[in-house]
Amino acid sequence: MPVDRPRAEAAIAELLRALGHDPSSDPELVETPERVARAWADELLAGYAVDVPALLAGGALSSESPGIVVVRGIALATVCPHHLLPSVGTATVAYLPGKRLLGLGTIAALVEAFARRLALQEDIGHNVVTALMEHAGARGAYCRIELSHACLNARSRTCGQASVVTTAQAGELDLAALSLALEEPR
């Protein structure tokens, strides 16, 4: 379904009014409905427009690599579908290439494609791993995501510094080699 910006702006203005803040009478809120609608449509939910199979097909080279490829520290932001609040953090993606080797930027773009949706953290990792296996021909794939959730930290006085770690994996991965590849440098 295409984005209806005027309707989104009207809904945001109505939400603000329902919460006791009239955008038309507060100079700081006058442009808020437009800014929020633009942020959601163009940034926070931009992943819905990404054709993942095409992304992985376009970012692959014909080259078989015998070793595990690891990309650490991929920044990501997503929105919790339960509270519509952001979560921010990083992802680490490791995969054992098949006959195609992905560009490193393609791996980061894959994470962003799934993160820039209304998504549970667990689903982002699962979707990244599944896409690597199904569309990039990986022999094995792993994704670790660590996020700080506003729905947890901003709403609770006791969880202000909490982070959530999830992992997903599939295929033939030598767990000992993966563990060494993921080990932080000293």
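This is a predicted model: local features need pLDDT of at least 70, side-chain atom pairs count only at pLDDT 80 or more; totals for chains, interfaces and linings use all residues.

The crossing in which α1 passes α2 is right-handed.

Next, display the side chains where the two helices meet. On the α1 side, select R5, A8, E9, I12, A13 and L16; on the α2 side, select T32, P33, E34, V36, A37, R38, A41 and D42. Coloured by class, this contact of α1 with α2 shows eight nonpolar, one polar and five charged residues.

**Second stop: the cysteines**

Select C80 and C151 and display their sulfur atoms. How far is the sulfur of C80 from the closest cysteine sulfur? The distance is 3.9 Å, and the partner is C151. A disulfide requires two cysteine sulfur atoms within 2.5 Å, and the pair is therefore too far apart for a bond. Starting from C151 instead, one finds C80 as the closest cysteine sulfur, again at 3.9 Å. The count of disulfides accordingly comes to zero.

Are they buried or exposed? C80 is buried, with a relative accessible area of 8%. C151 is buried as well, its relative accessible area being 16%. Residues under 20% count as buried.

Move to strand β3 (residues 86–96) and select T92, which lies within it. T92 has a relative accessible area of 12% and is therefore buried. Which residues does T92 touch, leaving aside those up to four places away in sequence? Select V70, V71, R72 and G73, then Y142, C143 and R144, and finally L182; T92 touches each of these.

**Final stop: the whole chain**

Clear the selection and colour the protein chain by secondary structure. The chain contains seven helices and six strands. Followed from the N terminus, the elements run α-α-α-β-β-β-β-α-α-β-α-β-α.

Zoom out until the entire chain is in view. Its C-alpha atoms fill a box of roughly 65 × 40 × 25 Å, taken along the principal axes. Of the 186 residues in the protein chain, 35% are buried. Finally, consider the contacts between residues at least 6 apart in sequence: 70% of them join residues at least 24 apart.

Conventions. Residues are numbered from 1 along each chain as its sequence is written. Side-chain values use heavy atoms; hydrogens and water are left out. A crossing is left-handed if the near helix is turned anticlockwise from the far one by less than a right angle, and right-handed if clockwise. Helices (H or I, at least four residues) and strands (E, at least two) are DSSP runs, numbered from the N terminus. Contact means heavy atoms within 4.5 Å. Ala, Val, Leu, Ile, Met, Phe, Trp, Tyr, Cys and Pro count as nonpolar, Asp, Glu, Lys and Arg as charged, and the others, Gly among them, as polar. Buried means under 20% relative accessible area, exposed over 50%, partly exposed in between (1.4 Å probe, protein chains only).
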